[in-house]
Amino acid sequence: MAAMTEEEPRLPARHLIERLGPVLSPWARARAVAALLAGLTGTVFVSALWWSEPGPLPGRTHAAFALFTAFCLAWAAYGGWSLTRRVPLFATDRVVAGWLSVAASAVTAVLVTAVAVQRGGGLLPALAVAVVCVGAALVLVVRAHVRRAALLRRRRELAGEEEK
């Protein structure tokens, strides 16, 4: 591949961004497919477990199954959304996944902590796991926002060069 010289034409940033549109990187595609498959598989398994219970379930158990099914459907929807985007995402997919993981881990942490309090034991391990899970999700969402901001800043810089 030849090095770019001053004589070679440079494409404006807008044209470069437009050319990125229909292409999804292999890693982004793999992440989206994994989220879609994990969400669909989780939905099938949780629903099958929920509906195959032999006896009547308490209301809280129905609520927990419904919540886990909703989480799985949300991940499947995220995977499908990521696969069907035809515009550059500028890390929007990572931000959405980060907030989805924050919501899922926070709600799960609250439920596990509530169960530990009701049973009168195991509160400390439940809180420790909750802090680790929610903390990890928050780190991921902050990193996603930082990455998105850097990409958008670079896009503005390129667009500013184009206008000169």
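Leaving aside its neighbours within four places in sequence, which residues is Thr113 in contact with?

Author: This is a predicted model, in which local features need pLDDT of at least 70 and side-chain atom pairs count only at pLDDT 80 or more, while totals for chains, interfaces and linings use all residues. Residues are numbered from 1 along each chain as its sequence is written, and side-chain values use heavy atoms, with hydrogens and water left out.

Beyond the neighbours within four places in sequence, Thr113 is in contact with Leu123, Ala126, Leu127 and Ala130, where contact means heavy atoms within 4.5 Å. Thr113 itself is placed in helix H4, residues 92-119; helices are DSSP runs of H or I with at least four residues, numbered from the N terminus. With a relative accessible area of 16%, Thr113 is buried (buried means under 20% relative accessible area, exposed over 50%, and partly exposed in between, with a 1.4 Å probe and protein chains only).

Helix H4 also holds Asp93, whereas Arg31 lies in helix H2, so their pairing ties together parts that are 62 residues apart in sequence. The two side chains meet in a salt bridge at 4.0 Å, N to O; the term denotes a side-chain nitrogen of Lys or Arg within 4 Å of a carboxyl oxygen of Asp or Glu. Asp93 counts as buried at 8% relative accessibility, but Arg31 is partly exposed at 37%. The structure holds 2 salt bridges. Another joins Arg154 to Glu157, with the closest N and O atoms 3.2 Å apart. Both of these residues lie in helix H5 (residues 123-163), 3 residues apart, about one turn of the helix.

Rings of Phe, Tyr and Trp (its six-membered ring) pair if their centres lie within 6.5 Å; planes under 30 degrees apart count as stacked, over 60 as edge-to-face and the rest as tilted. The count by this rule is 5 aromatic pairs. One of them is stacked, because the rings of Trp50 and Phe65 have centres 5.9 Å apart and planes at 10°. Trp50 belongs to helix H2 (residues 26-51) and Phe65 to helix H3 (residues 59-84), so this pair ties together parts that are 15 residues apart in sequence. Trp50 is buried, at 14% relative accessible area, and Phe65 is buried, also at 14%. Trp75 and Tyr78, by contrast, form an edge-to-face pair, 5.7 Å centre to centre with 90° between the planes. Both lie in helix H3, 3 residues apart.

Definitions and conventions. Helices (H or I, at least four residues) and strands (E, at least two) are DSSP runs, numbered from the N terminus.
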